[in-house]
Amino acid sequence: MMNPKWLNTFATLVETGSFTKTAERLYMTQPGVSQHVKKLEDELGETLIYREGKQFELTREGIMLNAFIAEQNQQQADFLARMKDDDPHQGAIRIACSGAMAMKLYPSLLNLQTLHSGLSVQLEAAPADRIRQMLIDNQTDIGITTQKFDQPVFEETLLGEEALCVILPAKVQIPLGDFHALSSLGYIHHPDGKHYADLVLGTNFPEEYRNIEALEHRGYVNQLAQILLPVSKGIGFTVLPESVMTGFEQKEKLTVLTLESPVSQSLFLSQKKYRDLPKRFDKVMELILQATN
């Protein structure tokens with residue numbers, strides 16, 4: 001790294017064209033100016049100026065160095081300008097959340113991007129552990145999960161509650177509390193299937209429900225939008241947030257099992273502490289609150 005003080009002295013010398021004026025402007029002695037130039041030449045192994053009495057001419061290398069200094073100064077000025085310019089309609093919107101939340105939130109984010117083409121929506125549906133790691137690695141700006149991380153590095157805000165439900169084919173009738181009739185349908189498994197089933201089935205059938213592995217699995221789907229398709233065709237049942245069923249196109253082919261103990265889960269918004277979000281997230285936060293209330 002070239003000494004920035006030497007570089008500033010050289011650039012000022014080129015600007016003023018005079019060792020005397022450079023020394024006056026920088027509150028140095030003329031020998032001090034000459035010494036800075038000499039140190040630069042020694043470091044670079046090149047001659048930067050030819051002196052002719054009180055005048056001097058730049059060598060080819062001197063011209064190149066002066067252009068380099070000007071480029072560096074411009075880059076610094078541009079960087080400082082970008083740092084202070086927080087345009088609410090420019091930049092990336094990086095969010096990681098559950099698949100259910102992604103289905104609810106993504107259309108609103110796309111509408112926002114349509115209004116402001118300078119925005120770039122980057123939405124990743126992921127489980128809580130993956131979201132936590134993405135936040136730690138600065139791969140996303142905010143995360144929306146059903147689990148509170150309780151780590152000092154995060155700032156976490158309760159957004160609201162999300163109802164979970166057991167979803168059945170519309171033609172199926174399951175008597176209240178009849179776990180045998182329910183389990184005989186077979187389970188349509190999915191990435192969050194264990195978490196949801198443990199919460200809902202474990203709460204409502206504490207004596208009969210052992211674990212997700214004990215259920216007969218009639219299928220597995222890792223695309224949230226497709227999980228309810230086999231249920232609508234009578235192939236089995238599943239457990240999902242109520243909002244997923246609400247957004248399903250063929251919801252008339254589905255029904256919700258009546259539960260003795262309705263179950264909901266908390267939704268948390270997580271972000272890194274001490275890292276202020278850009279202004280473009282102001283509107284995003286409004287959309288998140290609308291989607292979770």
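Because the model is predicted, local features need pLDDT of at least 70 and side-chain atom pairs count only at pLDDT 80 or more, whereas totals for chains, interfaces and linings use all residues. Residues are numbered from 1 along each chain as its sequence is written, and side-chain values use heavy atoms, with hydrogens and water left out.

Helices (H or I, at least four residues) and strands (E, at least two) are DSSP runs numbered from the N terminus. Strand 1, residues 49-52, pairs with strand 2, residues 55-58, in the antiparallel sense over four bridges, where pairing requires that DSSP finds at least two bridges between two strands. The two strands form a hairpin with two residues between them, and E52 stands opposite Q55 in strand 2. In the turn, G53 has a positive phi of about 65°.

Helix 4, residues 60-84, has 25 residues and reaches 37 Å from its first C-alpha to its last, which is close to the 36 Å expected at 1.5 Å a residue; the expected span is 1.5 Å times one less than the number of residues. Within helix 4, G62, L65 and I69 are buried, a term that means under 20% relative accessible area, with exposed meaning over 50% and partly exposed in between (1.4 Å probe, protein chains only). The buried residues of helix 4 pack against helix 1 (4-16), helix 3 (30-44) and strand 2, contact being defined as heavy atoms within 4.5 Å.

On a 1 Å grid over the protein atoms alone, a pocket is an open set of points with protein on both sides within 12 Å along at least five of seven lines, a cavity is a set of points where a 1.4 Å probe fits but cannot get out, and lining residues have an atom within 4 Å of a point. Grid points are joined across faces, edges and corners, and a volume is the space filled by probe spheres set on the points. The largest pocket holds about 380 Å³ of space, and of the 14 residues that line this pocket, P4, L7, I69, Q72 and N73 are the closest to its centre. The count of cavities of 30 Å³ or more comes to one; the largest cavity holds about 50 Å³ and is lined by L135, T140, D141, Q271, K272, R275 and L277.

T145 lies in strand 5, residues 142-145, and is buried because its relative accessible area is 4%. Leaving aside residues up to four places away in sequence, T145 touches A128, I131, S266, L267 and F268, while its side chain reaches the backbone oxygen of Q147 at 2.7 Å.

Two loop residues other than glycine have positive phi values. N138, in the loop between helix 6 (128-136) and strand 5, has a phi near 60° and is partly exposed, with a relative accessible area of 31%. D150, in the loop between strand 5 and strand 6 (154-169), has a phi near 50° and is exposed, with a relative accessible area of 58%.

V221, in the loop between strand 8 (217-220) and helix 9 (228-232), is by contrast buried, with a relative accessible area of 18%. Not counting residues up to four places away in sequence, V221 touches I188, H189, H190, P191, Q226, I227 and P230.

Note on methods:
A polar contact is a pair of N or O atoms within 3.5 Å; within protein, one must be able to donate a hydrogen and the other to accept it, and residues adjacent in sequence count only if both atoms are side-chain atoms.
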